Amino acid sequence: MIGGIGALQFKPAIDGAEAAAPGLLQGGVGPEASESVGGSFAEALSQAATKTVNTLQNAEQMSIQALHGDADTRQVVDAVMSAQQALQTSIAIRDKVVSAYLEISRMSI
């Protein structure tokens, strides 16, 4: 089975990094901005990851039900196609995040 986003734990890379950027992963934008937009970037990313995991688990469950003869082929195909699309979207977002990190790390100070 695939674990949820709650299984991930973020650790500071360097001692004192948490003190230098408090609340970075808890919505560091501030309460005014998050209230007007509807949430922080970390919350939006967490929700998207959770939905992706749920979609993958649904496809897995649907496939298992089909093996037992409890699900229609069309339902399985729809679930698997949805899971494939969610996984490809997640991979694209990951690639963009890694690319942005590498670009920032190459910046001269």
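Modeller: A nonpolar core is a set of buried Ala, Val, Leu, Ile, Met, Phe, Trp, Tyr and Cys residues joined through side-chain atoms within 4.5 Å, where buried means under 20% relative accessible area, exposed over 50%, and partly exposed in between (1.4 Å probe, protein chains only). This is a predicted model, in which local features need pLDDT of at least 70 and side-chain atom pairs count only at pLDDT 80 or more, while totals for chains, interfaces and linings use all residues. Residues are numbered from 1 along each chain as its sequence is written, and side-chain values use heavy atoms, with hydrogens and water left out.

Colleague: Which residues make up the largest nonpolar core?

Modeller: The largest nonpolar core has seven residues, namely Leu 56, Ala 59, Met 62, Ala 71, Val 76, Ala 79 and Ala 83. H3 and H4 each give two or more residues to this core, helices being DSSP runs of H or I with at least four residues, numbered from the N terminus.

Colleague: What does Ala 83 touch, leaving aside residues up to four places away in sequence?

Modeller: Ala 83 touches Thr 55, Leu 56 and Ala 59, a contact being heavy atoms within 4.5 Å.

Colleague: Why is Leu 45 called partly exposed?

Modeller: Leu 45, which is found in helix H3, has a relative accessibility of 39%, and therefore counts as partly exposed, since that value lies between the two limits.

Colleague: How much of the chain counts as buried?

Modeller: Of its 109 residues, 12% count as buried, and the chain's secondary structure comes to four helices and zero strands.
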